[in-house]
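Hi everyone, thanks for making time for this. Have the sequence and the structure open beside you, and let's walk through them together.

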Amino acid sequence: MADANNTPAVPQPPVELTPVADFLAATLPFDTLSPSELARLLPTLAISYHTRGECFDAGSEPCGLRILRSGAVDLRDADNTLLDRLGEGESFHIGGLNAERGQVQARVIEDALIYFLPDTAYQALRQAHRNIDRHFSSQRNRRLRRAARYQPAANALLQRIRDTMSTDLLTVRSSDTLQAVAEAMTQRRVSSALVLRGTQLEGIITDRDLRARALTAALPADTAIASIMTANPETVEADCSLFDATLLMTRRGYHHLPVTEAGRLCGMLTTSDLILARQNDPVYLVQHISRQESPEGIKALLEGMPGLVVQWSQSGMHAHQVSRVLTAISDAVTVRLIQLAEAELGPAPATWCWVGFGSQARAEQLFAADQDNGMIISDEARDADAGWFAGLAQRVCDGLQLCGYQYCQGGVMATTESWRQPLQRWQDTVRNWTATPSPAAVMRVSIFFDLRAIYGDDRLCAQLQQVMLQEASRNSIFLAALAANALENRPPLGMFRRFVVERNGEHRDAVDLKKRGVLPITEIVRLHALAHGIAAVNTEERLQALTRAKKLTMGDGRNLADALHCVQQQRLQHQCQQILAGEPPDNFLKPHGLPTLAREQLRDAFTLIDESQAAVRQTYRAGMN
Amino acid sequence: MWLALRRARCKRRAARTPLAACWSHALPRGGAFCAEVPFLVCDGEMSSLDPATGALLSLGWVAIEGGAIQLGSARHYLISGAQAVGQSATIHHIHDRELARGLPAAAVMTAFLQAAAGKVLVFHHAALDIAFLNRCCERLYGAPLLLPTLDTLRLEQRQRERRGLACAPGALTLTSCRERYGLPAHAAHNALLDAIATGELLLAQIAHRGKNTDVRLRDLR
């Protein structure tokens, strides 16, 4: 018996648990640990096996982090709503989830091998590593916190009145006649006038007063306005916030509020000023753009755009809505730049049309869109007019570049002569492209087949589009070349639906969502639309038209639309996160870091693209390559 | 019972050895729930499949306590002093050079018996490992191991026979058995990693027998 105690301690050689370490090293957030830190973690782990149907809840012992080595687990809340589905490499801390959201249950839905990290080791790890701690604080809370951080700048109502009020005031005297005041207001295009005695505010007169108190009562035109003005109107101090002013105006039903500084009149605030102050509302942003007097002014307005898009996205705006708004904004910018250029160059010597290509035409822009544009000029224009059009193109494209829409690498811009032509020559060009379709040429010009009139005479654009559809739909060789182009970019899925990520370089482990997701879908849909003579340009509208014309089944149409939504949504969210992190937005997403549900959706979307490409190969390239 | 009888017969020879110390611990009762039974999952690498001529080259083990494999208990020993590894290096990747860094068999057995005290030993294909361990014990302590043992291979075989399933050649290898339970692929060929893989298999087998708490130790015999 005594021997048990007397046995000399046997030296213990180091234990290598390489497969376990390797697994953890490939798992979020343990991938941030150094090999030695990881090695210290291993002895604290316990491995257990759980069959389908087993549940973990707040009372499950022991308490700690459960990492799925294999199998799958569903997290559901008290209402049995699925919160997340976890797979290999993902983890949950059932105690933590319950403290945060109450009554969360984890149910094994596929036999699971679990690596268990006891709570003490888990908490110590979170304390020691900020990255790991951040990973485990709930995703939802994290998003909310970041959104909140953006709030102060967003809240326009906290601005001071001084920054928003109009200072260009129409002042009159109480002895002026109705006729004179009405004329002055009309001439100045204002809806109110302030009645002064010396520097002292005596009253206010508005459009409504003229209507309700003068015309209705049939007062003679030479009546003094003293009889209809509102005497001693309420005023507000310039340093008050817009919030105070809004409150006052809505309570009393005022549309006009004189602003004073230290008792002296200094401005006027109207309800439309208040509306305009809500800059984060996309509608007003577009209006603001149309009021700018220089490209620099537009640029300054657009500087807040990334933050705004993050806000919109976080307040639940979907990617396709965001891209509609972003396209409306780039349209507004283009139109305003054209107007400014026209003001400088004088009126156009002939009718013409500014067209947008690619994503702008399709209204599918997201962050960092390049410019793709051109001009269609009436055949009546003379050679001598060419200078005007070239000058306008230069000003507009430079302006767009200044405002953040980068010059097109491929030269698809109105400044390039071949993209700035009379209608007849455009139509000839299209006939040439479709008659001798080399794959390289098709790839270069495929963007052209999504076009939309942005400014000017849109009949020119419609005429060009008509020729384009005629030529394309009856030319199977051209369609085959277009199909080859649509098959060029494969979705990033390999065998067994694994993501195929970039192996090395700057975007290692990432997937190019634009090139591998958005482009294949838009190209497939464009191909179908051209083949069937459908004039719509927006991908979703094209799909609807194709479905209506029974060229696509309802299911296929909807599936492609869903796939596009899903990829664009991931792309938008990815870009928003980059903006929040202070990085420039790009299209490279690491699927590894996505929540399982999102990752599965993305996988589904890519699978769908793959199937659609197979169908394209069948239909348009049967018997070729 | 039978184990206790055999031990009693060898008791004098093994007296005052680590083996006797190990025996002094109470044996887990057959009626105990599996979740409460401490197991020691083991695997050894040998220079030959014949215990008469081959030698134990390495020994790895890990404990299962409270129904979970405790990685902190994992141990892996290379055993020095055996004859040259020779050809078998191609199977187990242990070379003479590495064995020189190992510990004498006596030290490794001491550590092993300390870890095994009061536990049920688990092997995949127990007969071979037990034969080598018995020889080792006989040589060192004059008595065979005589510890309660469970074999995941036999367990799987009986389970399949009970359900009327044939056991094709190769169907009972560790890899095939693990596949059947959806356990992740394991490519390792080192005593400790095989022991852990065997432990995971045992947990899966127990879990599939019923709820963890329902299965008793004797149900696995």
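This is a predicted model: local features need pLDDT of at least 70, side-chain atom pairs count only at pLDDT 80 or more; totals for chains, interfaces and linings use all residues.

If you take contacts in chain B between residues at least 6 apart in sequence, 67% of them join residues at least 24 apart.

Now over to chain A, with its 25 helices and 19 strands. Here 37% of the 625 residues are buried. Among contacts in chain A with a separation of 6 or more, 71% come from residues 24 or more positions apart.

Let's look at a sheet in chain A. In what order do its four strands come? The order is S16-S15-S14-S17 (chain A), the sheet is open, and the pairing is mixed. At the edges stand strand S16 (420-422) and strand S17 (451-456) of chain A; each has a single partner strand, so one side of each is left without a neighbour in the sheet. From one strand to the next, the twist averages 30°.

Zooming in on one pair, strand S15 (residues 373-377) of chain A runs parallel to S16(A), and three bridges join the two. Within that pair, Ile377(A) stands opposite Pro422(A) in S16(A).

Which helices go with this sheet? One is helix H17 (residues 386-402) of chain A, which lies across S14, S15 and S16 of chain A and runs at about 160° to S15(A). Another is helix H20 (residues 458-473) of chain A, packing on the sheet and touching S14, S15 and S17 of chain A. The direction of H20(A) makes about 60° with that of S14(A).

Next, a helix with two faces. In helix H9 (residues 207-215) of chain A, the buried residues are Asp209(A), Leu210(A) and Ala214(A). They cover an arc of only 95° around the axis, and therefore sit on the same side of H9(A). Arg211(A) and Ala212(A), on the other side of H9(A), are exposed. What do the buried residues of H9(A) pack against? Their partners are helix H8 (178-188), strand S9 (200-206) and strand S10 (230-231) of chain A.

Here is a helix pair for those of you who like geometry. Two packed helices are described by the angle between their axes and the distance between the axes. For helix H23 (residues 539-548) and helix H24 (residues 554-580) of chain A, the angle is about 175° and the axes are 9 Å apart. Angles over 145 degrees count as roughly antiparallel, so that is how H23(A) and H24(A) lie relative to each other. On the H23(A) side, the contact is made by Thr539(A), Glu540(A), Leu543(A), Leu546(A) and Thr547(A). H24(A) brings Met554(A), Gly557(A), Leu560(A), Ala561(A) and Leu564(A). Sorted by class, that contact has six nonpolar, three polar and one charged residues.

Last stop: Glu488(A). Where is it? You'll find Glu488(A) in the loop between helix H21 (476-486) and strand S18 (511-512) of chain A. Is Glu488(A) buried or partly exposed? With 15 other C-beta atoms within 10 Å, Glu488(A) is partly exposed.

Notes: Residues are numbered from 1 along each chain as its sequence is written. Chains are lettered from A and ligands numbered from 1 in the order in which they are written. Axes are lines fitted to C-alpha atoms, for helices over the stretch in contact, and angles run from 0 to 180 degrees between N-to-C directions. Angles under 35 degrees count as roughly parallel, over 145 as roughly antiparallel, 65 to 115 as roughly perpendicular and the rest as oblique. Two residues are in contact if their C-beta atoms, placed from the backbone, lie within 7 Å. Ala, Val, Leu, Ile, Met, Phe, Trp, Tyr, Cys and Pro count as nonpolar, Asp, Glu, Lys and Arg as charged, and the others, Gly among them, as polar. A residue is buried if 20 or more other C-beta atoms lie within 10 Å of its own, exposed if 12 or fewer, and partly exposed in between; C-beta atoms are placed from the backbone. Two strands pair if DSSP finds at least two bridges between them. The arc is that of the directions from the helix axis to the C-beta atoms.
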